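Hi everyone, thanks for having me. Today I'd like to talk about charged side chains and how they pair up. Let's bring the structure up on the screen.

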Amino acid sequence: MNQWVLPLVVRIERAAPPERTDALEAAAHAVLSLLDQDEWAEPIAQWERIGIRKVVRRARGAEWRRVLGLPGITVQVRTAEVRVHPPIPLDDWPKDLQRLQVSGTDLTDSGVPVGPDRDGVVLWVNPHLEMTAGKAMAQAGHGAQLAWWGSDGRARTAWRGRGSMVAVRTATPGMWASLVDSGLPAVRDAGFTEIEPGSVTVIADAPWLRQGGFRPEGWGPLRAT
């Protein structure tokens, strides 16, 4: 079975790289923006049937301008710009995406991110794992997708009213222990890069998800997670 992937490209200019948290949140918001439209419904459905693998690459200068010429959606969250492209087969990447580097996405935060709005969607990152920003961006995208799948029509309408924004924060060890046992949607990594297969990387949290959420069966391997 041919692998399908969702390409995400983060803009990293040498003189002004984005903050790490901004990049993670932009990636999550970009995935939500793609899911909440009908233009690429067919490739999205094909991708979801196989898995929801995401690949993050970086671009700057002319590379970024070429990326903007490809079909996709650009999202900006504070210092970060991320472009998401419709899902494509792994062996059929456009040349302007193929030539981009995966490495070099090791971003940092210049300060401690403020506390998240607990009335909205929060993606909690496993504090026990070390991930490059690119890897963490993909995991944040997975977490946002699980939160989207777990939201019924009313919850999605309210979420849109907040601009479909999502906060990404690293949990404390104590908080993480309680989250793992909470029954909230959890991302388990396939182990293609950086970390062990089956590792829980991100847990999606929102008031309506804590009430049980809405988890229809049969829309992909992670749909009921």
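Let's start with a group of four: Asp22, Glu25, Arg78 and Arg169 are joined in a network of salt bridges. Please keep in mind that what you see is a predicted model.

Let me walk you through a few of them. Take Arg11 and Glu81, whose side chains meet with 2.9 Å from N to O. This pair links distant parts of the chain, with Arg11 in strand β1 and Glu81 in strand β4, 70 residues apart. Are these two buried, exposed or something in between? Arg11 has a relative accessible area of 29% and Glu81 has 21%. Buried would need a value under 20% and exposed one over 50%, so both count as partly exposed.

Next, look at Asp36 and Arg160, where the closest N and O atoms are 2.8 Å apart. Asp36 is partly exposed at 29%, and Arg160 is partly exposed at 38%.

My last pair joins two helices: Asp96 in α4 and Arg66 in α3, 30 residues apart. Their closest N and O atoms are 3.6 Å apart. Asp96 is partly exposed, at 22% relative accessibility, and Arg66 is too, at 35%.

Conventions: Residues numbered from 1 in each chain as written. Predicted model: local features only at pLDDT ≥ 70, side-chain atom pairs only at ≥ 80, totals over all residues. Heavy atoms only, no water. Helix = DSSP H or I, 4+ residues; strand = E, 2+ residues; numbered from the N terminus. Buried < 20%, exposed > 50% of the residue type's maximum accessible area, 1.4 Å probe, protein only.
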